[in-house]
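Opening the notebook on a new model today.

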Amino acid sequence: MTDIRSRKLGARNLLAAAVGGVFLLGLVPDADAQLAKKRNERYNQEKQEQSAQDKEDEVAKYPQATRAEPDGEGSRGMRKSLNAMIKAFNADEFAEARAMSAEILADADATAYDKALAAQIGAHAAYDMDDLPAAMALLQQSIDFDALDNNDHYGAMLMLAQMQIQEGLETQGLATLERFLAETKSTDPQHLILKGNTLYQLERWEEAAVATKAAIDASPDADPSWTQLLMGIYLELDRPEEAARIAEELAASDASNKQAQLNLASIYLQNEQLDRAAAVLEKVRTSGQLETADEYRQLYATYLNMDGQEAKAIAVIEEGLAKGILQPNYEAYVALAQSYYFSKQDAKAIEAYQKAAPLDEDGETYLNLARVLWQADRIAEAKAAAQQALDKGLKDPADARRILDLP
């Protein structure tokens, strides 16, 4: 008889739902925020005319940077063109701003500073036009001119790294990010988690664990998704005990956080600690938070993989069916049939098998029904079920034929 106990539990199913979508979205600082800042603070006409003293007074975002602030300035002859480009950009005239950027980049009289600034404005305009390849190329040009102050130079480098990673160019993005971190000496948790996330995508698990843990340690209020990322990394490294420790801390910190509880249960399943997994999932159920068919299936499958827990599996299945969360389909009925069978409730097992058998793709469930009917000494019904099993198709018809040959 097919036994649900022998089925592999999907130990990572619940965790994957939480972790799978975490690793890029929400971790990378929003490039649009940088864009708004450029419009409203950095690249406007007044900024171009500020005094050298004002420039010195600007707060340095990267005080530990190894790069010396450049001495280059914009040429007087290009000021009008630069201001016109900036004005067009601030007016959301992105095509015009890009055209002016290209003209400045091609002008032999433009200084390195003029061209670096033009490339950066052109990159932001291209980004707003959803031309990401052009935006990345222009950001690289701006960096290569090496003429902007550290705030803008490294801002361009960070944005380029983010865009490369978002566009699936993780190897290039990581190289850009590592250069940024090496030159700025940044310990900003947002920068470190971006590195950890990128290393995770590249399946460089050990390095990802180091970077992600550094980000968490550097942040007094680390985002819960960061700890979920580290948890996922530990699972990939086959270090489930460390993953469980993190999951337990998250679950204990907020008992009402359903996803944290599901993650903990999933890791217990990964560790084959079925009793602990069942206890966590049962608390979620009794609090009324089991809401999906997958969640109900995980709980009843866990019970069916434990000795003597069939009654609890039955309660979960029947509740799920009553609430309409579990559908009255083959999977639910066969699990219910097996639960009754292993708890020695043959009559109810027969009823469930009778519902499941017509929904099976072949005759195996009819054969199980025939076996239970034969054990219950309902021979005529057992023969009928055996014939239906043969009619529907069996890999091995021997048992069905033996039942048909009964006196």
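My entries follow, from the whole chain down to the details.

Ground rules: I'm on a predicted model, where local features need pLDDT of at least 70, side-chain atom pairs count only at pLDDT 80 or more, and totals for chains, interfaces and linings use all residues. Residues are numbered from 1 along each chain as its sequence is written, and side-chain values use heavy atoms, with hydrogens and water left out.

Whole protein. I looked up the secondary structure and got 23 helices and 0 strands (DSSP runs, H or I of at least four residues for helices, E of at least two for strands, numbered from the N terminus). Of the 407 residues, 48% are buried (under 20% relative accessible area, 1.4 Å probe, protein chains only).

Helix H21. How many of its 12 residues are buried? I get 9, so H21 is mostly covered. Among them are Tyr 366, Leu 369, Arg 371 and Val 372. The cover includes helices H19 (330-342), H20 (346-356), H22 (379-392) and H23 (398-404). After H21 comes Asp 377, with a positive phi near 65 degrees.

H16 and H17. Their axes come within 10 Å and cross at roughly 145 degrees (lines fitted to C-alpha atoms over the stretch in contact, angles from 0 to 180 degrees between N-to-C directions). For the contact (heavy atoms within 4.5 Å), H16 brings Leu 274, Ala 278, Leu 281, Glu 282 and Arg 285, while H17 brings Gln 298, Leu 299, Thr 302 and Tyr 303.

Note on methods:
Buried means under 20% relative accessible area, exposed over 50%, partly exposed in between (1.4 Å probe, protein chains only).
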